[in-house]
Amino acid sequence: IAQFPCPFLSQTADVTLDPDTAQAGLIISEDGKEVTYRGNKQGIDYSFFYNLLVNLNRLGVRGKEGFTSGRHYWEVVVGKKTEWALGVVAVTNGKKSEFSWGIGLSKGRYQTFGKHCINLYVKEKPEKVGIFVDYGEGYVSFYNVGYFVYITVLYLMSCLPPITIEIHPN
């Protein structure tokens, strides 16, 4: 496993969650920096990451900030949660998520989600995940911050609309 480069660590993006996009059961902190799940999971099957593709507009919360250029890095504390997903989404028409790229943990499996769901081998369970977007080069990469190791990289579309972050805590 490759060690991730550190130059962007000092350039962490200031991400604020948008309470207007938070779905039922999600509590956004007053400063917009934390989200807690307090809902009931009944009726939502989180066992397949395919549901993240189908339900992107009703399962999480997005960041207020959007990106149309540049490089951006931020970190998300997932702690010891047994189910979570996070990544970036391409947003059109103001609020609707059209495409997504991310990783998550469900039923003890780490997977990517996006055009394809791919199982990931993750040796050390991350408690904090670093997300690095290079809009110009067209990729998003994920890192286990506590162990300074790379998890995976996903390539974005060549004709990309504005993107923002998406978090699905459980």
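Select E75 and K128: the two side chains form a salt bridge, with the closest N and O atoms 3.7 Å apart. E75 lies in strand β4 and K128 in strand β9, so this pair ties together parts that are 53 residues apart in sequence. E75 is partly exposed at 31% relative accessibility, and K128 is partly exposed as well, with a relative accessible area of 32%. Keep in mind throughout that the model is predicted.

Stay on these strands and select R71 and D134. Their salt bridge has its closest N and O atoms 2.8 Å apart. The pair links distant parts of the chain, with R71 in strand β4 (residues 71-77) and D134 in strand β9 (residues 128-134), 63 residues apart. R71 is exposed at 60% relative accessible area, whereas D134 is buried at 3%.

Next, select E127 and K80, whose side chains meet in a salt bridge of 2.6 Å, N to O. E127 sits in the loop between β8 (119-120) and β9, and K80 in the loop between β4 and β5 (84-92), so the pair ties together parts 47 residues apart in sequence. E127 is partly exposed, with a relative accessible area of 40%; K80 is exposed, at 69%. The count of salt bridges comes to 3.

Now turn to the aromatic rings, where the count comes to 4 pairs. Select F132 and Y139: the ring centres are 6.1 Å apart and the planes stand at 55°, so the pair is tilted. F132 is buried, with a relative accessible area of 6%, while Y139 is partly exposed at 22%.

Methods
Residues are numbered from 1 along each chain as its sequence is written. This is a predicted model: local features need pLDDT of at least 70, side-chain atom pairs count only at pLDDT 80 or more; totals for chains, interfaces and linings use all residues. Side-chain values use heavy atoms; hydrogens and water are left out. Rings of Phe, Tyr and Trp (its six-membered ring) pair if their centres lie within 6.5 Å; planes under 30 degrees apart count as stacked, over 60 as edge-to-face and the rest as tilted. Buried means under 20% relative accessible area, exposed over 50%, partly exposed in between (1.4 Å probe, protein chains only). A salt bridge is a side-chain nitrogen of Lys or Arg within 4 Å of a carboxyl oxygen of Asp or Glu. Helices (H or I, at least four residues) and strands (E, at least two) are DSSP runs, numbered from the N terminus.
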